[in-house]
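Visitor: I would like to learn how to read the inside of a protein model. Could you walk me through this one?

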Amino acid sequence: MTDYPSLFRSEEMSLVQLFIPTEVAHDTISELAELGNVQFKDLNPDVNPFQRAYVGEIRRIDEMARRVRFFASQVEKESVPVRPLHESAPLLLVGPRTDQTRDELDTKLAEHEKRLIQMNESYQTLSTRTRELQEARHVLRETAVFFDRAEGREAEIRNSYDDGTQPLLAGDAESQVPHEGLAGSVDLEFVAGTIDRARIPTFERVLWRVLRGNLYMNHTDIDQVFVDPVTGVETRKNVFIIFAHGQALLAKIRKVAESMGGTLYPIDSNADKRSDALREVTSRLEDIGNVLYNTSGTRKAELIKIAEGLAGWQDAVAKEKLIYETLNLFNYDARRKTLIAEGWVPTRDIAMIMLALRQATETAGTSVPPILQEIRTAKQPPTFHRTNKFTEGFQTIIDSYGIATYQEVNPGLFAVVTFPFLFAVMFGDLGHGFLVTLTAVGMIFFERQIEQVDIGEMIGTFFYGRYIILLMGMFSMFTGLIYNDIFSKSMHIWHSGWDWPRGNGTLTAIANGHTYPFGLDPAWHGAENALVFTNSYKMKLSIILGVIHMTFAICLQVPNHLHFKRTLNIWAEFIPQLIFLESIFGYLVICIIMKWCTDWSAEGAGKPPSLLNMLIYMFLSPGTIEDQLFAGQGPLQVVLLLVALVCVPWMLITKPYILWKEHQKTVSMGYRNISTGDGDAPRGLTAHDEGEEEEGNGNLIVEDAEDDGHGGHGGHFEMGEVVIHQVIHTIEFCLGCISNTASYLRLWALSLAHAQLSEVLYTMTLETSFVSGGVGAILFMMFMFAMWFSLTIFILCVMEGLSAFLHALRLHWVEANSKHYEAGGYMFTPVSFAKLQEKEQ
């Protein structure tokens, strides 16, 4: 009878061996990857990745992947919508036409790439030419404006030959030199072009120093923004015109301008020729603009066509690469022309895998099926827990601490309840819990729509843990009812057990005989000693919950020891650990409950004892009791202390001694450790089995217990190592019981901080808005409500929630898991197309 899948232990795993004919190998891996429950072993660990059988196919697929990435970058750059994968035409890369379909896809991708590269080059060339013509047009226009403004102002012209005391770099109109008026007296020539606006000051200073002031320069801003066709970077430029005397100076100007990224344009000094050049540039701009528009349209149409099949190509290429990378893990038997594979599978899924192998044979159109046989082994299998949307988040919390040893009790099952409950103890508030629950319900209700969009890494993390948030919110509502807290206010659901007398000053509440049936009595809210009472209540409650949690964690050792047949550990470790914890802190919990149940206001009840002092004097002065809680408490404490002290050597000595005695007994009988020395060579069938294998009747093969990195049990006995391990384990447990119990006080501290912060926020915001008045008072109340609600969401729900989450995480990882969780396993990582798609997303 097959057991139903459970989170209590990891799935039972089997090591299987597959004999796959080469003609059906591709389709077999495709079917198994669709199924997603086979983890293959690398049978060629010493072979270089570049020397494996299918390296040629992988290189070809890598080239296809490069083309697909190029298409994706171009489509994203142009903001072309990509058709989703579920709406794209399926691309079948299985069956007899697999190679032909792959070749067709490769050819199609190469053709698209060739056309797109040609269009990109044409578009970039035309864009660059357009940019140059636009700059030339601006240069022609601005130089014409400069010469026109300089007409008739020759009297204001100053050159370096007449007066060397005036600054030559002047940007105002009065210092501009008209070239035509100057031509008759001094032979000045000029250089015109464009340069980046940010480099103008540097350009001026460099020219001034290089030419020693023998120049005249003018520049004007260009309003148009130029966009680089390749990088898409926007640049702003200026037109400059520089006058100088002599070819040597002009050559220096050109070199400086080109070195600083400037572009020079040949401008004639004749006005008519400049007008003709301007008309010619404008005409060429119109022609290139038409060609550029047509090229852009053609390129956009090509990208739209690519975008329709891009998702399907990405999926197909990723799957093909995964298939051939998996095939490279196998051994090739040249004589039988088969691939030999080994891998771990869940035992309950072997029938499904056999069905998938049969399906792959039918798909490939061959009559030779792959053969699967199970191998007995002593090696440690991988750990695999079947999870669903609800349990996946909780299991991830435990896996983040460490992967469970194979078939070890899984604390992730119990974390479904304990994690949100401990969170709620620190976060208890009915109102805040309702907001958290409402958020989680919204994410769950709209989860299909949310999965279709990119919500970012941060929001995606909250969405992944939506079921954890749901339970945290629901448990917080429950603890909020226990604390009688809703947005820092109390609820009067039932009749209070206290009545307040009338009067002024300090009043003392009078018990009326009623008992508040559920949660904290609302009469405590607003009382002067409310903080003292809730402090004591929550502190003791945190100790009780902590001891219960640690006791439960220790008890989880028992099913592990029974399952792995380690009965020695039960009475040499579990029993003394449990007695040690309960004799000290279990006794403290009982005293807390007894103190709660005692009516200290009754006659003859005496003075309530201080439990902290009681616990301290239990060690410092055994048997001495200041305020006795019950009769015989002193002698009982002495007995419990002696029992706790006895448990220390019990844990320290018993197990190493028993193991040493068993080892000595084994040696005296003549047994010794053996090893096969066969290494970790790939396993195949013997010659005797070949005939049966040809007919598909595979025998079970008993495998040696060689360690493959996740080795089996057993090994050389070393008494020193056992003693050292036991000493460390005993000291860690004894000291950990004290520190871990104190660590649970964080439940009290965070609960107190959350309640006080909520009360302060309400008092300083919403409560101040309750004033009488007109419209102004109403608007003020609305503003303060918005402020209170916003701060409640971001501070009390988000920040305080994250803080409580981290503390609950620590209590599970350190305080609970350290008592029983070995975490010595490794993750089951099957070949899976589904996980491949998740990784891509």
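**Cavities, cores and a few loops**

Guide: Helix H10 gives the most to the lining of the largest cavity, namely four residues. Please keep in mind that this is a predicted model, where local features need pLDDT of at least 70, side-chain atom pairs count only at pLDDT 80 or more, and totals for chains, interfaces and linings use all residues. Residues are numbered from 1 along each chain as its sequence is written, and side-chain values use heavy atoms, with hydrogens and water left out.

Visitor: What is a cavity here, and how many of 30 Å³ or more are found?

Guide: On a 1 Å grid over the protein atoms alone, a cavity is a set of points where a 1.4 Å probe fits but cannot get out, and its lining residues have an atom within 4 Å of a point. Grid points are joined across faces, edges and corners, and the volume is the space filled by probe spheres set on the points. Searching the whole structure gives two cavities of 30 Å³ or more. The largest holds about 100 Å³ of space. It is lined by 13 residues, and Pro-411, His-549, Ala-816, Asn-817 and His-820 are the closest to its centre.

Visitor: Which helices each supply at least two residues of that lining?

Guide: Helices are DSSP runs of H or I with at least four residues, strands are runs of E with at least two, and both are numbered from the N terminus. For the largest cavity, the helices are H10 (411-427), H15 (530-555) and H23 (775-816).

Visitor: How does the lining of the second largest cavity divide by class?

Guide: There the lining has three nonpolar, three polar and three charged residues, including Asp-429, Asp-485 and Lys-538. The volume of this second largest cavity is about 30 Å³. Helix H22 (residues 746-764) brings the largest share of its lining, three residues.

Visitor: What does "buried" mean, and what share of the protein counts as buried?

Guide: Buried means under 20% relative accessible area, exposed over 50%, and partly exposed in between, with a 1.4 Å probe and protein chains only. Of the 841 residues of the protein, 43% are buried. In helix H9 (residues 392-401), the buried residues are Gly-393, Phe-394, Gln-395, Ile-397 and Ile-398. Their cover includes H10, H13 (456-464), H14 (466-483) and H23.

Visitor: Which residues touch the most other members of the largest nonpolar core?

Guide: In soluble globular proteins, nonpolar side chains tend to be buried together. A nonpolar core is a set of buried Ala, Val, Leu, Ile, Met, Phe, Trp, Tyr and Cys residues joined through side-chain atoms within 4.5 Å. Among the 63 residues of the largest one, they are Phe-419, Phe-580, Phe-585, Leu-588 and Leu-747. Helix H17 (residues 567-597) contributes the largest share of this core, eleven residues. Another core, of 48 residues, lies apart from it, with Val-75, Leu-322, Ile-350 and Val-831 among them.

Visitor: Where is Lys-337 found, and is it buried or exposed?

Guide: Lys-337 sits in the loop between strand S7 (331-333) and strand S8 (338-346). Lys-337 is exposed, with a relative accessible area of 55%. Its phi is near 55°, a positive value in a residue other than glycine.

Methods. On a 1 Å grid over the protein atoms alone, a cavity is a set of points where a 1.4 Å probe fits but cannot get out, and a pocket is an open set with protein on both sides within 12 Å along at least five of seven lines; lining residues have an atom within 4 Å of a point. Ala, Val, Leu, Ile, Met, Phe, Trp, Tyr, Cys and Pro count as nonpolar, Asp, Glu, Lys and Arg as charged, and the others, Gly among them, as polar. Contact means heavy atoms within 4.5 Å.
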